[in-house]
Structure formats: C-alpha cells, structure tokens
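User: Please take a close look at one part of this model, starting from a single residue and following what surrounds that topic. Give the cut-offs for the terms as you go.

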Amino acid sequence: MLSDDHVNEIIIEKLIASLIPMTSRDRIKAIRNQPRTMEEKRNLSRGGLTSVTENEGRAKAHLTWLWKIVDKEKSKQTHRILQLNCCVQCLNSISRAYRRSKNSLSEILNSISLWQKTLKIIGGKFGTSVLSYFNFLRWLLKFNIFSFIVNFSFIIIPQFTVAEKNTLQFTGLELFTGVGYFRDTVMYYGFYTNSTIQHGNSGASYNMQLAYIFTIGACLTTCFFSLLFSMAKYFRDNFINPHIYSGGITKLIFCWDFTVTHEKAVKLKQKNLSTEIRENLSELRQENAKLTFNQQLTRFSTYVMAWVVSTGVTIACCAAVYYLAEYNLEFLKTHSNPGAVLLLPFVVSCINLAVPCFYSMFRLVERYEMPRHEVYILLIRNILLKISIVGILCYYWLNNVALSGEECWETLIGQDIYRLLLMDFVFSLADSFLGEFLRRIIGMQLITSLGLPEFDIARNVLELIYAQTLVWIGIFFCPLLPLFQMIMLFIMFYAKNISLMMNFQPPSKAWRASQMMTFFILLLFFPSFTGVLCTLAITIWRLKPSADCGPFRGLPFFIHSIYSWIDTLSTRPGYLWVVWIYRNLIGSVPFFPSILHVLIITYLYWQITEGRKIMIRLLHEQIINEGKDKMFLIEKLIKLQDMEKKANPSSLVLERREVEQQDALHLGERDSSLDLRFRRSVQEGNPRA
C-alpha cells in the first residue's frame, strides 16, 4: 500500500512531465488551473513545493531536481529554436537580397534597353500589330551584335596582328560595289591567312583554319538554339496562352498601376489600355461573325484566283532572276565599267520592292475578316518569293561562281552578298522616305477616298527576314557582314519610326498580334535559317577552296581542316575523348541528325507541357479565388442582415407576422384543396349525389 507522500510525489512528477514541453505562458496557465493552494502553485512556479507531510524536504529536493531537468531541456530546446530561427532568418535575408538584386538588374536592363520609350509610344498609338515589327527588328539587332562580337574577337583581331599593309587606294566607290580597296581587308574571306599565328618562339599558337570554321560554327549554332528557344517560348506564351482564360479585359479595365504619376506617362498608359481593349473586343466580335454559303463560295473562288496570280508572278520573277544570274559572269567579263556589278542586285531589289506591293493590293479583293489572316497570307506569299530568289542565287554562287575557275571565288560571293544587302537597304530607305510619303500625298490630296495608308507589316517583316538570310549566308564569305547589318538595322528603326508617325494611320481594324512574333521567328527559322545551313553544309563538305587565298587554301575540301585536327588529337592520349565524341556522335551521319531532331521535338513538347501546366495552375488559382470571393460576399451579406435586424427589431416582428400569415394562407389553401378532392371522390362514387 503506497503512502500519501509517495502518491503525491508521483502526481507531481506526472504534472512536471506534462509541463516540460509547454511554453512559459502555457505552463503558468496549467499551474493556475491546478486544484491546489496558492502556496503550492507558487512553489510549482518557482521550482519548489511546500508539503504538509513529514517528507516535505525530500519532496521539495526531488521537485527542485526535476525542475533543473526541465530548465535544462528547456534551454536545449530554446537553443535549438534559436539556431533554427537564425537559419530561417539567414535564408530569408538571402532570398530578399536575391529578389532585390533581380529587381534592380531588371530595372537596369529596362533602363538601358534600346528604344523602350519609343516602343511604348508606337504600341499605344498603332497597337501590338505594328509594334511586333519593331520588336522583331530589335530582336534581330541583338543577334547581329552577338555575331559581330564573336567574329571580331576570334577572327578579325588575330588577323589584324599579321595583316600586311593595304596598298590599294580608297576612292569611295567601294562602299557601293564592295570591290577595290575592300578586297585586301579583313572584310572578305580571301584576305585571311592559312598559317598558324604565333608571336615569338615561346608564344601560344593560334590555328587560323580552326578558329575560322569554329567561330562561324559557334555563331550559327548559337543562332540555331536561340531561334529554337525563342520560338518555343513565344509558342508557349501565346498559342498556349493562359492569359486568355484569366479575364484579360477585366484586368485591363479594373487594374491600374498607381505608381505612374507623370502626366505624359499616364496619358501613354491610358492610350495603351484603350488600344488593348479595342483589340480584344474586335477579336471577339470577328470570331462571332458568320457568312452564308454563297458568300463563302465567292470568297473561296477569290482566294484561289489570288493564289494562282501570285504564284504565277513568283514563278516569272524567279525565272527572270535565274536567266540574269546565268549570264551575269559573261556580262561582267565584257563590261569593264565598275557599276556593272550592280546590275544583278538592282534587278533583285526592284523585284523585292515592287512585287510585295502588288501582293498587298490583293487585300482590296480578298477582304479577310480577320486582319491576322491577311498578314499571314501576305507573309507566306512574300516568303515564297524572296526565299525562291535567294535559292536561285545560292545555286548560281555554288555552281557558276564556285566552279568558274576564278582566282578567289569565295571573295566574289562575299562581294555579291554585300551588294545585295546594301542595295536592299537603299531601296528600303527610298521606299520609307519617298514611296510612303508619296502614298500619303496621294491619299490625302489626290484621291481622298483612299485616305492615309496603313503600315504593311508583312512586306516590312519579309524585308528584315530577307536581309538576315543574306547575312547568315554571307558570314562565311564576309565575316564583317553582321557589323553592316547592325548599322542598317539601327538606321532602319529610326527611318521606319519617322515614316510611321508621318505617313500612316493606325489599323482600321484593331486586332491583337500576340502570336505574330511566334510566326515571324518560325519563318526566320524555316525556311530561312534551315536553308542557310543547307547552303553552308554544301559549301563546307562538297566544294573545293581556292588554291591561292583564304585560310583553307590547298585543302581538297573545307571540312578537311577538322579531319586533320582530329587526326592530330588522336595521337595525344589526353584528347582521345574528343576524338570519340566526334567520330561517334558529331561525325556520325545517321546518328547526329536523328538525335538532333529528337532533341528539338522533345524540347518543343516540353515547352507545350510547361505551357499547359501554367494554364492549369492559373485556372486552379482562379477557381480558388472565385470561391473565396463568394464566401466573402456571403459573410458580408449575413453581417448586413444581422445589422439590419439589430437596428430595426420592428421589421423583424413584421417579417415574422408575414411568415405566419403566409403559413396560415398555405394551410387554408391546403384545407380547401382537400375538401374539393373529397367532394369529387364522393361524386364519382355516388353519381346521384
């Protein structure tokens, strides 16, 4: 049989064990709720216990020992919590610093971003459709800046260290023809040395052949993956667009950035919002439009006729360029005039300027309901024309010029591409400052029914794609072409901006061009960039370099520089892994293209999946927010009803009386209906009644 003191000790131990995991505040509350005297509670809170028994001292000492254990455990727990809090605070400070640095970096990039304010003005006045052209131009400018930096760092600067002095005289005509003084400069392929550059006996060697082919390959590979990444990104953001499902118009109407306080910025923001609202509403209205069967048949016949005419014009233009290119070499041999080399670029530029304008007139006949469809059709017609012409020129260069037996046929191709690029730029400037100005004068003063023209997005975008295609083809024969393209794009931006503000009106049909950038990059990737890769692949693997000029002189094919390098590495044990990668992966004809296609398709599908995940997540968040909104509105409604009942108790009494009257009325109606049913049943059972 246990004594009372022993039982009291057990109870106290259990009580203290239950108090150990508690905080100080909870412990005090638990002690207060104990059915003990104030003295015992004080002793418990102080770590002591007053007992009325004989074993008071022993119990008190035992209790003190237990409280020491409690304090020790509590100190350990507090120390652990402090360490955890320190780690959490450190992580929070790191995340805050990362967010601040990211925001500051984005602000710096936005502040130094080219033409940010100008693009906002264009988007506010002319909408996203016209803005997509200028965004595409800026995007191409970044491409050429990167290409020029890489070429200048790894090809041009090393060549400058061993270059001989140019003895030819500069006359100024070289700026238009690309011949003469420029022939013996770093501008063209033929000027570069084929030797290994080495300064001093102990200096590092620099193989110019490998540097040339690897630098061009690195530029094209970077462009390839950048195009692929940008195309997948824009496809995910625009075609699998989660913003379509998240109330875009609602956000435009009810959301305002209150940090915008400057008067001009506020007006520009209002103009941007109004333009976006008009674009969204016009799309919804155009999607709901329906045509009768006769109207659809008429339009289909019109579209077929327009395609037949445009295809015939394209074939005729390509035939003209083909026959002119076939006789161009003979023409240049019989004419010593320096301006004779401009005949082929002049004819090609005239075709590229006149035929797209002719295609643009088809809109008066076709009358597409959706402006986006009209732009897509014009883009397809123009890309067929321009890429066909570029294909014919590539055939002329690789078959006629490369096999003509000229001293340095690579430099001749580089000069042709430079003249084509320069002539196209001159024609584009002339069209911007003269042609578009004349169209404005005709529409405003001579034929007022025409009015101000609208900016032709398809024609201007295809000019950029055509010029960039020439740059990519010519970068192997003229490494400085990205520099000239940078200057031309920079000038073209301001020329098009001035012409846009002076000579054009906003689109008569507002439409949202969120998917245009994706289509532009798709056209730039295929057929433009893929055609460039095919052309350069034929050049490197199938054509023989010139014997007296360029870094690959004396080799049977350009690719033999890589073969020689791999053979050299195979004799060094430390580089055998590079040899294995090249022979089994890169150099394998069936494996490398197949694995590249698999990677591209996998990446595109991954982007599509990521876009759908974003859409699902936003839809889930929207459902949760709508549920929270409903609960909030229900709570507010209940509170309002309670406040009305408390404020007007008489209305509550009247409401109860109305409910009672309605119940009595329903009861009377039920009794009368029962009586009527009883009478009918009696009459049916007893007809005499």
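Analyst: Leu114 sits in the loop that joins α4 (56–112) to α5 (116–162), where helices are DSSP runs of H or I with at least four residues, numbered from the N terminus. The model is predicted, so local features need pLDDT of at least 70 and side-chain atom pairs count only at pLDDT 80 or more, while totals for chains, interfaces and linings use all residues. Residues are numbered from 1 along each chain as its sequence is written, and side-chain values use heavy atoms, with hydrogens and water left out.

Leu114 counts as partly exposed because its relative accessibility is 34% (buried is under 20% relative accessible area, exposed over 50%, partly exposed in between, with a 1.4 Å probe and protein chains only). Together with Phe433, Phe490, Tyr494, Ile498 and Met502, Leu114 forms a nonpolar patch on the surface. Such a patch takes residues with over 30% relative accessible area and no salt bridge, and joins nonpolar side chains (Val, Leu, Ile, Met, Phe, Trp, Tyr) within 5 Å; like charges are joined within 9 Å. The accessible area of these residues together is about 560 Å², by the Shrake-Rupley method with a 1.4 Å probe, only the protein chains shown counting as cover for residues. Helix α17 gives the most to the patch, with four residues.

Helix α17 (481–503) also takes part in the lining of the largest cavity, where α15 (409–446), α16 (457–474) and α17 each supply at least two residues. By class, the lining residues are seven nonpolar, two polar and two charged (Ala, Val, Leu, Ile, Met, Phe, Trp, Tyr, Cys and Pro are nonpolar, Asp, Glu, Lys and Arg charged, the others, Gly among them, polar).

A salt bridge is a side-chain nitrogen of Lys or Arg within 4 Å of a carboxyl oxygen of Asp or Glu. Nine are found in the whole structure.

Arg439 is partly exposed at 31% relative accessibility, whereas Asp431 is buried at 7%. Arg363 pairs with Glu374, with the closest N and O atoms 3.2 Å apart. Arg363 is in helix α13 (363–366) and Glu374 in helix α14 (371–401), so this pair ties together parts eleven residues apart in sequence. Arg363 is partly exposed at 26%; Glu374 is buried at 16%.

A further salt bridge joins Arg381 to Glu366, with closest N and O atoms 2.6 Å apart. This pair links Arg381 in helix α14 with Glu366 in helix α13, 15 residues away. Arg381 is buried at 2% relative accessibility, and Glu366 is buried at 5%. The C-alpha atom of Glu366 is 9.8 Å from that of Val304, 62 residues apart along the chain. Val304 lies in helix α10 (293–326) and counts as partly exposed at 38%.
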